[in-house]
Amino acid sequence: MKHLTLFLLSITFLFTSCGTIKVSNSDAIVEYPDVEAQYPGGAKAMSKYLANNIKYPEIAMELGDQGRVFVEFVIEKDGSISNVRVLRGVSNEIDAESVRVVSNMKNWTPAIYKRKYVRARARIPINYILEWNTFGSS
């Protein structure tokens, strides 16, 4: 009997307080903002969201597919998520599930650069691990 475990790596976010923030007029993606974008509630809240919303694809479980998916996306100036893509995947089904769940995240707190909200890139790893449960066997 298979037992499913979804393991999520912790992600560290920078928490700081800033005064008045403006929205940048530029559409450029800032690679190194002064303040990183953050998921509401931080890394623990994001891990909880992912654990509660990812559905391990049945076919992937049957085939024994497992591994780490690296997902990249852009956090827009309003905190919404766009341009979700898999940088390194595991299988078509697992990759698609990772894109689906990241695309459905609620808005983040946007990144800040030079006291303005800016577009920023984020990358997260999601681990899919199948554990074989042998309880009840003699």
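1. Helix α3 spans residues 92–103, a run of 12 residues, and reaches 16 Å from its first C-alpha to its last, close to the 16 Å expected at 1.5 Å a residue. The expected span is 1.5 Å times one less than the number of residues. Helices (H or I, at least four residues) and strands (E, at least two) are DSSP runs, numbered from the N terminus.

2. The model is predicted: local features need pLDDT of at least 70, side-chain atom pairs count only at pLDDT 80 or more, and totals for chains, interfaces and linings use all residues. Residues are numbered from 1 along each chain as its sequence is written, and side-chain values use heavy atoms, with hydrogens and water left out.

3. Which residues of α3 are buried? They are Ile94, Asp95, Glu97, Ser98, Val101 and Val102, where buried means under 20% relative accessible area (1.4 Å probe, protein chains only). These residues lie on the same side of α3, because they cover an arc of only 160 degrees around the axis; the arc is that of the directions from the helix axis to the C-beta atoms.

4. Strands β4 (residues 67–75) and β5 (residues 81–88) pair in the antiparallel sense over five bridges; pairing requires at least two DSSP bridges between two strands. Ile75 stands opposite Ile81 in β5. The hairpin has five residues between the strands, and Gly79 there takes a positive phi near 90 degrees.

5. Asn83, in strand β5, has a positive phi of about 50 degrees although it is not a glycine.

6. Lys114, in the loop between β6 (111–113) and β7 (116–132), also is not a glycine and has a positive phi near 50 degrees. Lys114 is exposed, with a relative accessible area of 59%, the cut-off for exposed being over 50%.
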